[in-house]
Amino acid sequence: MECGQRFSTFETVEMRMPQVIKSNGTRVAFNPHKLRTSLERALHKRPIAQEKIDETVALIEQRLYQSGNKEVPSRMVGEMAMEELAKIDQVAYVRFASVYKSFNDVSEFTQAIATLVQTDGK
């Protein structure tokens with residue numbers, strides 16, 4: 001007040017995504033690019049627009065942010081991705097699940113498909 005100058009301050013929101021706890025116990029920053037790449041691989045040559053993939057990444061990011069957790073297991077991110085892929089494209093869901101869950105034989109594929117059929121029938 002004494003100097004006669006006027007000062008302004010601006011506040012910005014700092015959105016902090018939770019850290020991801022990998023299966024080996026290490027913690028890494030959530031990487032939306034890595035999630036997008038995984039979804040794109042599962043959806044390769046499927047009739048899904050890039051905008052839908054962008055929406056899915058944004059939805060998962062929003063769910064993680066809204067969880068309020070400072071740390072989340074990588075398993076949680078993978079489960080969210082599988083849940084959203086099941087809604088978008090069932091073939092992509094099975095592709096993603098086969099890598100994510102490390103299917104070892106055909107019976108595990110059959111179980112994953114049976115789960116989709118049960119969910120789809122509700």
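Which helix does T56 lie in? I looked it up before anything else. T56 lies in helix 2, which covers residues 50–66. I note here that this is a predicted model.

**Entry: the whole chain**

I went through the elements next. I found five helices and three strands. From the N terminus on, they run β-β-α-α-β-α-α-α. Along the principal axes, the box is roughly 80 × 35 × 25 Å.

**Entry: burial, surface and charge**

I checked how much of the chain is covered. Of the 122 residues, 25% count as buried. The accessible surface comes to about 9100 Å². Carbon and sulfur atoms account for 51% of that surface. I then turned to the charges. There are 17 positive and 16 negative ones, and their mean positions lie 4 Å apart.

How far apart in sequence are the residues that touch? I took the contacts between residues at least 6 apart in sequence. Of these, 54% join residues at least 24 apart.

**Entry: the annotated span**

I looked at the UniProt record. Its entry is unreviewed, and it annotates residues 18–108 as "domain: ATP-cone". I compared that span with the model. Residues 18–108 are 63% helix and 10% strand.

**Entry: T56**

I went back to helix 2, where T56 lies. Is T56 buried or exposed? Its relative accessibility is 4%, under the 20% cut-off, so T56 counts as buried. I listed its contacts, leaving aside neighbours within four places in sequence. T56 is in contact with L39, E84 and I88.

**Entry: E61**

I stayed in helix 2 and picked E61, which also lies there. E61 has a relative accessible area of 25%. Buried means under 20% and exposed means over 50%, so E61 is partly exposed.

Which residues does E61 touch, not counting those up to four places away in sequence? I found M17, F30 and P32. I also looked up N31. E61 and N31 are 30 residues apart in sequence. From C-alpha to C-alpha, E61 and N31 are 9.5 Å apart in space.

**Entry: side by side**

T56 is buried, whereas E61 is partly exposed. T56 has L39 among its contacts, and E61 has F30 among its own.

Technical notes:
Residues are numbered from 1 along each chain as its sequence is written. This is a predicted model: local features need pLDDT of at least 70, side-chain atom pairs count only at pLDDT 80 or more; totals for chains, interfaces and linings use all residues. Side-chain values use heavy atoms; hydrogens and water are left out. Helices (H or I, at least four residues) and strands (E, at least two) are DSSP runs, numbered from the N terminus. Buried means under 20% relative accessible area, exposed over 50%, partly exposed in between (1.4 Å probe, protein chains only). Contact means heavy atoms within 4.5 Å. Accessible areas come from the Shrake-Rupley method with a 1.4 Å probe; for residues, only the protein chains shown count as cover. Lys and Arg count as positive and Asp and Glu as negative; His and the chain ends are not counted. The place of a charge is taken as NZ of Lys, CZ of Arg, CG of Asp or CD of Glu. UniProt positions are given in the numbering used here, feature names are shortened, and annotations may be inferred rather than shown by experiment.
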